[in-house]
Amino acid sequence: MASLPPGETRSTGADRIDGKTQTALYKLIRPLLFSLDPERTHNLTLSALRQAYRVPGAGAFVRSVYARRTPPLPVCVMGLQLHNPLGLAAGLDKDASCVSPLTDFGFGFLELGTVTPRAQIGNPKKRLFRLPKHEAIINRMGFNSIGLDAFLANLARTRRACPLGINIGKNRDTPVPRALDDYLLGLRAVYPLADYVAVNISSPNTPGLRALQDQDTLAVLLAALKSEQQVLTRTHARYVPLAIKIAPDLADQEIGAIARLLLEYDIDAVIATNTTVSRPQLEGAPLAVESGGLSGRPLGALATHVIRELHRRLAEKIPIIGVGGIGNADDAWEKILAGADLLQIYTALIYQGPLVVRSIISGIRARLSALGVETFAQARAAHAHRSSPNEHNGVTR
Ligand SMILES: Cc1cc2nc3c(=O)[nH]c(=O)nc-3n(C[C@H](O)[C@H](O)[C@H](O)COP(=O)(O)O)c2cc1C
């Protein structure tokens, strides 16, 4: 069978499977997946996808069910041309071992990692907990990583059909004052294969990591990463954008300080947010006592707040990648109106399956066209105009 160019697919039986059937199918499979230990399910699912992709035509089948039916919504952010603005958040494919199947789910981009310089096993198990009633997850994985060398070997073997961000972190046993060494190692190693590099200073599960968000420490980190980016741009004759991923557990004043530094050091994007150490909206959930980062629905409002605060200060000068609690098009739209230029999901993919990608993109397209605009920035402007008509009539003030 002659091979097809990436992204193209032959018509398969999947063309006859409609969205409702797919949702019903995932609802049928979900109890089986959820009957196992969460981390085991995660590993089994990724491994099953890898195995399935060895069968000729498997990729074409998945593409025809998901990617090919995801309507286009092209955007250009950080200089990257994306089919659509919805990406996979970091942490699901930490080892870059499942890139093709995840791309075929219809995402506009994937963020791989977090990868640490040296391989490490992460925190003791059990370290991943599902809270289905709350559509949430608590994790304290602690950067289980195969390390840079193995990660890059995986990536080198991979078919690339959408832009790939690579999220870098530090090893647990690297003292926090030496954290910069790990980030520079990571940046240099992944630079040639990354479409953007995400600097993770906000995971709650590596002791001391979040202290890197403190103003003085962050200034040193950003200065060094930015100057290394300039060196690497010359060496590789290619500019790879740098994005900083921050926590949802910051006071407004801290968000303000971070925004000033992002502008001062000309950082290319900010990812808001990582998981929260707080426990909002978890009444009646015994697992709420587990330590670690909370993601999914209960994180949504906190993440939106951080995005809004960032947007107020960055004033469209630096793109914001909004992530945290997005489970449908309404959630996505809320993040867009708060200031997000791109979006990412993780937990919703676990609870709803891959169809959630298409459903979110279709919903965003419908909302853009209802407003009669094309870009997210235009949507924000139109929305602001509609919500405060009095100001524009000169009635208030
Ligand atoms: C099990 C799990 C592992 C994660 N690992 C990482 C990670 O390695 N690096 C990172 O930057 N974020 C990691 N995250 C955070 C996600 O990228 C995302 O910021 C967060 O889950 C909020 O999005 P969501 O509510 O759509 O899940 C992880 C999240 C989960 C649930």
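By class, the shell around the ligand in this predicted model holds 11 nonpolar, 13 polar and 2 charged residues. In this division Ala, Val, Leu, Ile, Met, Phe, Trp, Tyr, Cys and Pro count as nonpolar, Asp, Glu, Lys and Arg as charged, and the others, Gly among them, as polar. The shell comprises 26 residues, of which Ala89, Gly91, Ser295, Tyr346 and Thr347 come nearest to the ligand; a residue is near a molecule or strand if its C-beta atom, placed from the backbone, lies within 6 Å of it. Two or more residues of the shell are given by each of strand E6 (136–139), strand E11 (293–296) and helix H11 (347–352). Helices (H or I, at least four residues) and strands (E, at least two) are DSSP runs, numbered from the N terminus.

Residues are numbered from 1 along each chain as its sequence is written. Because the model is predicted, local features need pLDDT of at least 70 and side-chain atom pairs count only at pLDDT 80 or more, while totals for chains, interfaces and linings use all residues.

A closed barrel of 8 strands, with parallel pairing, runs in the order E3-E4-E7-E8-E9-E10-E12-E13. Two strands pair if DSSP finds at least two bridges between them. Strand E3 (residues 86–88) and strand E13 (residues 342–345) run parallel and are joined by 3 bridges. Leu86 has Leu343 in E13 as its bridge partner.

An open sheet is formed by 3 strands, E5-E6-E11 in order, and its pairing is antiparallel. Strand E5 (128–131) and E11 are the edge strands, each pairing on one side only. The twist in this sheet averages 20° from one strand to the next. Between E6 and E11, which run antiparallel, there are 4 bridges. Ile138 stands opposite Leu294 in E11.

Two helix pairs were examined. Helix H6 (residues 179–190) packs against helix H7 (residues 215–236) at an angle of about 25°, and their axes are 11 Å apart. H6 is therefore roughly parallel to H7. Axes are lines fitted to C-alpha atoms, for helices over the stretch in contact, and angles run from 0 to 180 degrees between N-to-C directions. Angles under 35 degrees count as roughly parallel, over 145 as roughly antiparallel, 65 to 115 as roughly perpendicular and the rest as oblique. The crossing of H6 and H7 is right-handed; a crossing is left-handed if the near helix is turned anticlockwise from the far one by less than a right angle, and right-handed if clockwise. On the H6 side, Leu180, Tyr183, Leu184, Leu187 and Arg188 meet Leu221, Ala224, Leu225, Glu228 and Leu232 of H7. Two residues are in contact if their C-beta atoms, placed from the backbone, lie within 7 Å. The contact of H6 with H7 has 8 nonpolar, no polar and 2 charged residues.

Helix H10 (residues 329–338) and helix H12 (residues 355–371) pack at about 55°, with their axes 8 Å apart. These two helices, H10 and H12, are therefore oblique to each other. H10 and H12 also make a right-handed crossing. Ala329, Ala332 and Trp333 of H10 meet Ser359, Ile360, Gly363, Ile364 and Arg367 of H12. By class, the contact of H10 with H12 consists of 5 nonpolar, 2 polar and 1 charged residues.

Backbone geometry was also considered. Most residues other than glycine have a negative phi, and most peptide bonds are trans. The peptide bond from Gly113 to Thr114 is cis, with omega near 15°, and Thr114 lies in strand E4 (residues 109–115). A cis peptide bond also leads from Lys125 to Lys126, with omega near 5°; Lys126 is in the loop between E4 and E5. Glu135, a residue other than glycine, has a positive phi, near 45°, and is placed in the loop between E5 and E6.
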